[in-house]
Amino acid sequence: MVVRKRRRAVLIPLALYAISSAIVGYFVFHAHHGARGLEAKRELKREKFELTEELTALKAERASWEKRASMLRSDTIDYDVLDGQVRQTLGFVHKNEVVILLNAEAEGGSKSFASPVTRGSSPP
């Protein structure tokens, strides 16, 4: 009977420590790896940083396009921009201009035309 009480005196606290350790381990694991844990927070911060960079780039692109569009409005036409757009769209060049064709595939795949370089003083 004494042996049984001794075992009980050792096993019950050991079982309680094991159960409490398992519960603490469960919460620590989910605090780190859970859906709202530290790794998820780090991932959300990284995603926020990437989206902020993308937003900044898109705002700059929008400002550029708004500036170009404002140059083409009827009350303030910038004839150089209009001339460049017409030449790029229609593919015409002046006889005194030198056209440099860029290899679009070697430079990232976007098609663009080089702006013509004017040779000579003025068009006839």
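User: What rules apply to the numbering and the values here?

Analyst: Residues are numbered from 1 along each chain as its sequence is written, and side-chain values use heavy atoms, with hydrogens and water left out. Because this is a predicted model, local features need pLDDT of at least 70 and side-chain atom pairs count only at pLDDT 80 or more, while totals for chains, interfaces and linings use all residues.

User: Why is the pairing of Glu-43 with Arg-46 called a salt bridge?

Analyst: A salt bridge is defined as a side-chain nitrogen of Lys or Arg within 4 Å of a carboxyl oxygen of Asp or Glu. The closest N and O atoms of Glu-43 and Arg-46 are 2.2 Å apart, so the pair meets the definition. By this rule, the count comes to five salt bridges.

User: Where do Glu-43 and Arg-46 lie relative to each other?

Analyst: Both belong to helix α2 (residues 38-71), three residues apart, which is about one helical turn. Helices are DSSP runs of H or I with at least four residues, strands are runs of E with at least two, and both are numbered from the N terminus. An α-helix has 3.6 residues a turn, so residues three or four places apart point the same way.

User: Are Glu-43 and Arg-46 buried, partly exposed or exposed?

Analyst: Buried means under 20% relative accessible area, exposed over 50%, and partly exposed in between (1.4 Å probe, protein chains only). Glu-43 has 38% and Arg-46 has 40%, so each counts as partly exposed.

User: How do you know that Arg-87 and Asp-83 form a salt bridge?

Analyst: Their closest N and O atoms are 2.8 Å apart, and this falls within the cut-off of 4 Å. Both lie in helix α3 (residues 79-90), four residues apart.

User: How does the span of α3 compare with the expected one?

Analyst: The expected span is 1.5 Å times one less than the number of residues. With twelve residues, α3 reaches 16 Å from its first C-alpha to its last, close to the 16 Å expected.
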